[in-house]
Structures are given as structure tokens and as C-alpha cells.
Amino acid sequence: DDQIERERASQRLAGGCCALAAVYLMGKFYVANAGDSRAIIIRNGEIIPMSREFTPETERQRLQFLAFLRPELLGKEFTHLEFPRRIQPKELGKKMLYRDQNMNGWAYKKVEEDDLKFPLIYGEGKKARVMATIGVTRGLGDHDLKVFSSNIHIKPFLSCFPEVRVYDLTQYEHCPDDVLVLGTDGLWDVTNDKEVAGVVMEVLMSYEPNDPCRYTMVAQELVVRSRGVLKERGWRLANDKLGSGDDISVFVIPLGGPGNYT
């Protein structure tokens, strides 16, 4: 992240990205995730999560706590408190549900002038945004990202530090059908873990266990199914729901070596 900041001037590059990395070292997989990509292990049909997404909703308390400690980052335009909906001026003095950085549940407070500011975290689900700008809270870069039509920087709320999970390969005996799947949010926006596992098993069964291209074909099939087919109403999945409109990158990594399987 520091290197990207140094090079943005010399290379004249802006923007940023999420990061998902898997490192194999001395019998263990270390999976590091900063952003909204996802990694899962499929072992003997069982799904083992190896990451979690970092979004405005999953990191609400961290974001609110930072804003609480450093209110100057909000530029007098945002409030770190969260309300069930946007408050209207006519509701001043009335009681409304809210929560802050210390709360999982909700409580009531009297609406004050400061509560009319735009919320630090706005929207729900995939539409949730930090300062109505960005939908992920960890990643690399984005040093110049600002709130639209303002001088408020988003970067202080974005962390480049990943969460790391460890998987010990030596604790289990793996077969050629056991894999680690790494995918960007374009895959997971339209496909859940169980569906991905189903595609993995379906494609692997159609190839010989010693065929090295079988894993590449699984990755290709996951991309194709998540994008869908172009129709009159846009890209559509097999169930006619909208296909993914985001980047779809997928890696499928075998955990077990080839063997004499039938």
C-alpha cells in the first residue's frame, strides 16, 4: 500500500483494488484477504471458509469507532451514528432508533441537529457505501479517493491490513478432488459457496483424476456460469436472474496430488 502511494505520482496512476492471496509454506496454506473477494476449501464435499468479506456492514463498528475518535475525518458533513433511515428536518426533537460504535443492538435517542448529517455508512447489503462512495473497507491504493464534490478523503477509513487464516494440509489426507477456490466478488455476487462446490464436483467428475487441465476447466466454468448468457435484457444466468456485472477472476488449486483413482 505504501509502494502504491509512492508510485502514484511517478506512474500517474490512481485507483485501488482488493487483494486475496494464498501462500503455501511448510505444509500449510496461509490465506490473506483484504477486501470482498473470497476463498473456500472443498474437501470431501465439505465447504471450509478461508476468508470473510470486508464491507461497510461487516466493519461498521471499526469505521464508526475511527470516526468517533477522529471526527475531523467526517468533514462536518457526516455523522458516525447509524439510524434505520435518513432523518428529516421535521423530525428534530423526536425519538428515533440509533446505534454507535459500541452497540450491536439499537437504542432510542432524541434527534438533534447533528443527526441530520449524511450517515458514515449508507445503504444495505451490496449497496452499502462508506460516505456514499465505496463498498469495500479493506484493500490497496485509493489514496486520492474523495467524497463526490468535496475535499473529504476516504482513505483513512480503508485498511490495507488483511485477515489471515491458516489451513494445515498435513492434518488431512487429500484426494485430487479436494481444492482451494479463490474468487473475486464478481463470482460470489451471484453464486454461493454450495453452488460453487456443486460446479467443482460436477466438472471434476467429467475429467480423469490425473488430467492437469481439469482444474482450469473448473475455473472457466465458474466464470462462464457467473457471467451468464447475453440476452435482450442483458446477461442472464440459467435461472434468468441477472448475471454478474463485475470482474470475475477465479483460481482453483488442487490440494491433493494425482493418484490411482477410478
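This is a predicted model: local features need pLDDT of at least 70, side-chain atom pairs count only at pLDDT 80 or more; totals for chains, interfaces and linings use all residues.
**Entry 1**

I then searched the whole structure for aromatic pairs and found four. For this search, rings of Phe, Tyr and Trp (its six-membered ring) pair if their centres lie within 6.5 Å, and planes under 30 degrees apart count as stacked, over 60 as edge-to-face and the rest as tilted. One of the pairs joins Y24 and F29, which are edge-to-face at 5.8 Å centre to centre, with 65 degrees between the planes. Y24 counts as exposed at 52% relative accessibility, whereas F29 counts as buried at 7%.

F78 and F118 form another edge-to-face pair, with 6.0 Å centre to centre and 90 degrees between the planes. F78 lies in strand 6 (residues 78–79) and F118 in strand 9 (residues 118–119), so the pair ties together parts that are 40 residues apart in sequence. Helices (H or I, at least four residues) and strands (E, at least two) are DSSP runs here, numbered from the N terminus. F118 counts as partly exposed, at 23% relative accessibility. I also recorded that ring pairs link F78, F118 and Y122 into a cluster.

**Entry 1: charges over rings**

Next I checked for charges over rings, where NZ of Lys or CZ of Arg must be within 6 Å of the ring centre and within 35 degrees of the ring normal. R43 lies over the face of Y172, at 3.7 Å from the ring centre, and the charged end of R138 sits over the ring of F54, 4.0 Å from its centre.

**Entry 2: the nonpolar cores**

What is the largest nonpolar core made of? A nonpolar core is a set of buried Ala, Val, Leu, Ile, Met, Phe, Trp, Tyr and Cys residues joined through side-chain atoms within 4.5 Å. The largest one has 19 residues, and those with the most contacts inside it are V179, V181, V196, V200, L222, V250 and V252. The elements that give two or more residues to this core are strand 4 (38–43), strand 14 (179–183), helix 3 (185–188), helix 4 (193–204), helix 5 (214–227) and strand 17 (250–254). Helix 4 gives the largest share, six residues. In soluble globular proteins, nonpolar side chains tend to be buried together.

Leaving aside its neighbours within four places in sequence, V179 is in contact with I40, I41, I42, V200, L204, Y215, V252, I253, P254 and L255. Apart from this core lies another, of 17 residues, among them L63, L120, M131 and F157.

M131 is in the loop between strand 11 (129–130) and strand 12 (140–141), and M131 is buried, with a relative accessible area of 1%. Its phi is near 50 degrees, a positive value in a residue other than glycine.

D142, in the loop between strand 12 and strand 13 (163–168), also has a positive phi, near 60 degrees, and counts as buried at 16% relative accessibility.

Is S37 buried or exposed? S37 is buried, with a relative accessible area of 7%, and its place is in the loop between strand 3 (28–34) and strand 4. Leaving aside its neighbours within four places in sequence, S37 is in contact with L20, S51, E53, G183, T184 and D185.

**Entry 3: the chain and its domains**

Finally I looked at the whole protein chain, which has five helices and 17 strands, and in which buried residues make up 42% of the 262 residues. The domain assignment, whose bounds come from an automatic or database source, gives domain 1 (1–52 + 162–254) and domain 2 (59–141). The C-alpha centres of domain 1 and domain 2 lie 32 Å apart, and 14 residues of domain 1 are in contact with six residues of domain 2.

Conventions
Residues are numbered from 1 along each chain as its sequence is written. Side-chain values use heavy atoms; hydrogens and water are left out. Buried means under 20% relative accessible area, exposed over 50%, partly exposed in between (1.4 Å probe, protein chains only). Contact means heavy atoms within 4.5 Å.
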